[in-house]
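Please read the following note with the sequence and the structure side by side. The points are numbered so that each can be checked in turn.

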Number of protein chains: 2
Amino acid sequence: MDEITFAVLGTGGIGRRTLEVSQHKDALTPVAACDRHGTAIDADGLDVDELLAATEGNIDSEVATDGGTGAAAAEGEGGIKQHGEDRGVVASAQARPSEDPIQDIIDHGDRIDAVLLALPNYEHDFIPRVADRFVEGGYSGVMIDVLKRSRVIDMLDDRSEAFEEQGITFVCGAGATPGFLTGAAALAAQSFVEVTDVDIHWGVGLKSGYEDNRGTVREDIAHLPEYDIETARDLTDEEIEAIIDAHDGVIEFEDMEHADDVLLERAGICDADDVSVGGVLDVESDEKPTTTTVSVMGTTFDGETATNTFQLDDATSMEANVNGPALGYLKAGVRRNRAGEYGVFGPAELMPGF
Amino acid sequence: MDEITFAVLGTGGIGRRTLEVSQHKDALTPVAACDRHGTAIDADGLDVDELLAATEGNIDSEVATDGGTGAAAAEGEGGIKQHGEDRGVVASAQARPSEDPIQDIIDHGDRIDAVLLALPNYEHDFIPRVADRFVEGGYSGVMIDVLKRSRVIDMLDDRSEAFEEQGITFVCGAGATPGFLTGAAALAAQSFVEVTDVDIHWGVGLKSGYEDNRGTVREDIAHLPEYDIETARDLTDEEIEAIIDAHDGVIEFEDMEHADDVLLERAGICDADDVSVGGVLDVESDEKPTTTTVSVMGTTFDGETATNTFQLDDATSMEANVNGPALGYLKAGVRRNRAGEYGVFGPAELMPGF
C-alpha cells in the first residue's frame, strides 16, 4: 500500500501517543497536528520527537501517559496542563498559533489522506460538528475517531449522504473499545453460523489517577446509572473525586451505552441486543482490576454451542490498546477511500468481510 | 457490498461445508461446484440443499462430516466414497458429467467472482497448476485456497506477475489454520509496537476417525519429522493406520512447516522465525485433545512485555473453523479485486491494515 499521510486533531494523550506509535508503523507519515491553540503542519512529515518533547506537560487532560508534574496547572474547560510560555502544541518549534486550527487542517486537506479526531472528552456532538466543517470545507479523505458512545454513531449516520457526496470515509469508534474489541468479536464469531451473545468486559487501571485522566474518568462516570453525559460534564473536579472516593477508587460498570452493540450489528455479526459491555475502572492502581476479555458465544454449522474468547494481557495498558488498532483502522479506511467507498464505517465492518 | 458469486472446486468435506455455510452468509451466491467427475453450474444460484442431499456419501475423503456408511466404498487415489450409480457430484440433478470440470468453470468465469479451491489433499503443486489453468483460460477474479504449506505460498508467489496481468487476486491459506489463526494473531498484535513471539497451538479431534478423514490425516502425518509430503502420499492406508496405532491415536506435532510463519511475515506482523506452530491430533475421539490457542507476545509502546491470547472453544470443530473464515476472506478478496488489487495475498494481509 502506498504511503499514507495523516493529521491528528488534538494533542492530548491519544493524539500524542498516536504520533508516537505511528513511528513504529510502516507507510504512515504524520503531516499535521493541532490543538485549540495552534497548528503544526509539514507536508514532508512532522518531527514527532521534537513535537512530543517540546509539548510535554502542555497537554490536554485525556489519559496522559507522561505523568503530572507539580508545575502543571489545570485551566479552562478542557483542563489543559501547561508549563512554559506557549500554550499546548505551540510550544513546538513546528507549530504556529492559530485562531482556527481546524481550518488550517482543512486548508491543507488535499495533502492529508486521513484525519484522526483525538478529541474524546468534548460534548458528544463535537465530533459530528467537526465533521460538518470538513464537509463544508471540501475535504475528501478519511476521518476517524476513537469514540465510545452509541448515539454519536447515529449522529454521524445522519451525515452519511454528505460524506458520500464529498468523498469522505468516516471510521467511528476505532480505539481500544469499541474498535479493538469489536474487531476481536467479529473475528471470534467466525466459528459460528449464528452468534447468540457477545460479552465485552474490560479492566482499566489508570496508573496516574484522576489528576492525569480527567477526560476518561469523567466520560466513564457518565456511564454510571445515576449520571449521563450532560450531568457528568457539569460535575466539578471535587465532585468527581468524591464519587471516586465513594467507590474506594474502583468503579464497576454494567450494561454501558457503548457503541460496541450498534457497531457489531452494523457489521452483521449479531443483533445489538445480544451485546453486553461492562468493565471495572481502578483509578488508584496501575494493576488492571480485571482482565479485558471478549467472549463470543454462538452455534456452529454442525449444531454445537460454544464460546470463543480473546484476552488482552493485564500488562497491556489502555493506552497501548488504543493506538495500534486506531492506526490499523486508519489504514483500512484509506484503502476503502481510495477504492471509492464513502460514508460511515465501524471498525468491525473493516474486518475481512466476516 | 454487492452480491458475490462463487464456485467451489472440489465437493469433498470442505467444499460441501462451504456451500452449506454460505447459506448462512449474506450476499454470497454459489453458482458452480465441481469434482473430478462433473460440474454443476447455475448462474442464478445452485440449489445447495439438493446438491448436498443427492451427493451425500459420494464425496472425497477430505474430512467428511456426514459419517461413513457401510455402503461407502473407497476407490482410486483420492478415496472417493460412493453409493448409488453416479460418481461424485454427478449424483446431483444439477450436475453433468464432464471430461474437464475445471475448464467448465473457467468457461463460465465471467459470471464467477471467486473460486474456492477446496482441494487440500492433492500433491502440493496441484493448486498452483490449477491457478495456471485459470490464468491461461483468461479468468479474472478471486481465487482462494485453504492450504497450510509454506512452500505452496512460494509457488504462488512465483505467479504473482501473471496474476496481476490477468486481474487475479489470489488468497492463500484461508481456512482454520493458517487463515483464522493468523488473522487472530494479526489482531492480537495490535497492543504491541514489536511482536517477539507468535505461538499457534491447535487441537483437533476427528469425530469419525481415519476412515472419514484420510486427506487431513495423511497431510498431518507429512508434518511428522520422519515424513514429508511425498513419503506421506506414498503411504498405504494400512501404513497410516499403523502409524496412528503406534501413537495410540493421538499424534503430536511441533515446529510444523505451516504457512502461518510466512503469512504473518508478509503481513508485517513479525518475522517468520518468531512464529511456531504445533498441535495435537486425536483420531479416535471427538474431544479436542488440547484447546486451540493463539498467543502473541510483544512489547508495548510504553515498554511492557505482554501476551494476548485467542482461544477457540473445544466444542468448535475444525470443520466449523474452516468455512466461516474462508468465506470472510473470500469476500475480502472480492473487495480487493474490485478495487484493482491483484496478486497473492495471505489472510492476515486482508485484516484492516494492522
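Axes are lines fitted to C-alpha atoms, for helices over the stretch in contact, and angles run from 0 to 180 degrees between N-to-C directions. Helices (H or I, at least four residues) and strands (E, at least two) are DSSP runs, numbered from the N terminus. The model is a predicted one, in which local features need pLDDT of at least 70 and side-chain atom pairs count only at pLDDT 80 or more, whereas totals for chains, interfaces and linings use all residues. Residues are numbered from 1 along each chain as its sequence is written, chains are lettered from A and ligands numbered from 1 in the order in which they are written, and side-chain values use heavy atoms, with hydrogens and water left out.

1. Chain A as a whole. The secondary structure of chain A consists of 12 helices and 13 strands. Of the 354 residues in chain A, 62% are buried; buried means under 20% relative accessible area, exposed over 50%, and partly exposed in between (1.4 Å probe, protein chains only). Among the contacts in chain A with a separation of 6 or more, 76% are between residues 24 or more positions apart. Contact here means heavy atoms within 4.5 Å.

2. Helix α12 of chain A. This helix covers residues 318–338, which is 21 residues, and spans 31 Å from its first C-alpha to its last, close to the 30 Å expected at 1.5 Å a residue. The expected span is 1.5 Å times one less than the number of residues. Because 19 of its 21 residues are buried, α12(A) is largely enclosed by the rest of the structure. After α12(A) comes A:Gly340, with a positive phi near 85°.

3. Helices α1 and α12 of chain B. Two packed helices are described by the angle between their axes and the distance between the axes. For α1(B) and α12(B) (residues 318–338), the angle is about 65° and the axes are 9 Å apart. Their crossing is right-handed; a crossing is left-handed if the near helix is turned anticlockwise from the far one by less than a right angle, and right-handed if clockwise. On the side of α1(B), the residues that meet α12(B) are B:Ile14, B:Arg17, B:Thr18, B:Val21 and B:Ser22. Their partners in α12(B) are B:Glu319, B:Val322, B:Asn323, B:Gly324 and B:Leu327. By class, this contact has 4 nonpolar, 4 polar and 2 charged residues. Ala, Val, Leu, Ile, Met, Phe, Trp, Tyr, Cys and Pro count as nonpolar, Asp, Glu, Lys and Arg as charged, and the others, Gly among them, as polar.

4. Helices α1 and α2 of chain B. How is α1(B) oriented relative to α2(B)? Helix α1(B) (residues 13–22) packs against α2(B) (residues 48–55) at an angle of about 150°, with axes 10 Å apart. The two helices are therefore roughly antiparallel. Angles under 35 degrees count as roughly parallel, over 145 as roughly antiparallel, 65 to 115 as roughly perpendicular and the rest as oblique. The crossing of α1(B) and α2(B) is left-handed. B:Arg16, B:Leu19 and B:Glu20 of α1(B) make the contact with B:Val48, B:Leu51, B:Leu52 and B:Thr55 of α2(B). These residues divide into 4 nonpolar, 1 polar and 2 charged.

5. Helices α8 and α10 of chain B. Helix α8(B) (residues 214–221) and helix α10(B) (residues 237–246) pack at about 65°, with their axes 11 Å apart, and so are roughly perpendicular. The crossing is left-handed. B:Arg214, B:Val217, B:Arg218 and B:Ile221 in α8(B) meet B:Asp237, B:Ile240, B:Ile243 and B:Ile244 in α10(B). The contact has 5 nonpolar, no polar and 3 charged residues.

6. Backbone points to check. Most residues other than glycine have a negative phi, and most peptide bonds are trans. A:Asp255, which is not a glycine, has a positive phi of about 45°. A:Asp255 lies in the loop between β9 (250–253) and α11 (260–266) of chain A and, at 66% relative accessibility, counts as exposed. The peptide bond between A:Thr177 and A:Pro178 is cis, with omega about 10°, and A:Pro178 is in helix α7 (residues 176–188) of chain A. In chain B, the bond from B:Thr177 to B:Pro178 is cis, with omega near 10°.
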